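Subject: Structure for your review

Dear colleague,

Please find the structure below, together with its sequence.

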Amino acid sequence: QVQLVESGGDLVQAGGSLTLTCTSPSSISAFHTLAWYRQAPGKERELVAYSVDEGNSNYADSVKGRFSISSDNAKNELYLQMNSLVPEDTAVYYCSVGWSSGGTYRPYDYWGQGTQVGVSP
């Protein structure tokens, strides 16, 4: 069992920035593939970004160029830097550990409580 704890969510105005942090009592760096998901009200959870072995990052088209995923193995933390936020980014954000197969991210079924991000017009 891997416990994931997300933090950093807030209410910001459009155009603003936030950095989300994910940590765990377990070693998340032991997982070579780490990711962020989000779920907006009334919508399915969607993959926002994932990173393979810290060197290969992939992003949803909706956030490409605005969001950046990174990690700090020494701190055992995963980050999502979000810039130029728009109201459509409003959602609960979840970090994830998993693996990549054939260019597709596959999450393990470990989920935290998430952190709420709200973007006002």
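In this chain, 57% of the contacts with a separation of 6 or more are between residues 24 or more positions apart, where contact means heavy atoms within 4.5 Å. Please note that this is a predicted model, in which local features need pLDDT of at least 70 and side-chain atom pairs count only at pLDDT 80 or more, while totals for chains, interfaces and linings use all residues. Residues are numbered from 1 along each chain as its sequence is written, and side-chain values use heavy atoms, with hydrogens and water left out.

The overall fold

The chain has 0 helices and 11 strands; helices (H or I, at least four residues) and strands (E, at least two) are DSSP runs, numbered from the N terminus. Its radius of gyration, taken over C-alpha atoms, is 13 Å, close to the 14 Å that the globule rule gives for 121 residues, so the chain is as compact as a globular protein of that length. That rule is 2.2 Å times the number of residues to the power 0.38. Along the principal axes, the C-alpha trace spans about 40 × 30 × 30 Å. Of the 121 residues, 41% count as buried, which is to say under 20% relative accessible area, with exposed meaning over 50% and partly exposed in between (1.4 Å probe, protein chains only).

The disulfide

A search of the whole structure finds 1 disulfide, defined as a pair of cysteine sulfur atoms within 2.5 Å. In general, a disulfide is a covalent bond between the sulfur atoms of two cysteines. Here Cys22 is joined to Cys95, with an S to S distance of 2.0 Å. The pair links distant parts of the chain, as Cys22 lies in strand S3 (residues 18-23) and Cys95 in strand S9 (residues 91-101), 73 residues apart. The torsion about their S-S bond is about 55 degrees, so the disulfide is right-handed. Both Cys22 and Cys95 are buried.

A buried arginine

Arg38 belongs to strand S4 (residues 33-39) and is buried, with a relative accessible area of 5%. Its side chain makes polar contacts with the side chains of Ser62, at 3.4 Å, and Asp89, at 2.9 Å. A polar contact is a pair of N or O atoms within 3.5 Å; within protein, one must be able to donate a hydrogen and the other to accept it, and residues adjacent in sequence count only if both atoms are side-chain atoms. Leaving aside neighbours within four places in sequence, Arg38 is in contact with several residues, including Glu44, Val48, Phe67 and Tyr93.

Yours sincerely
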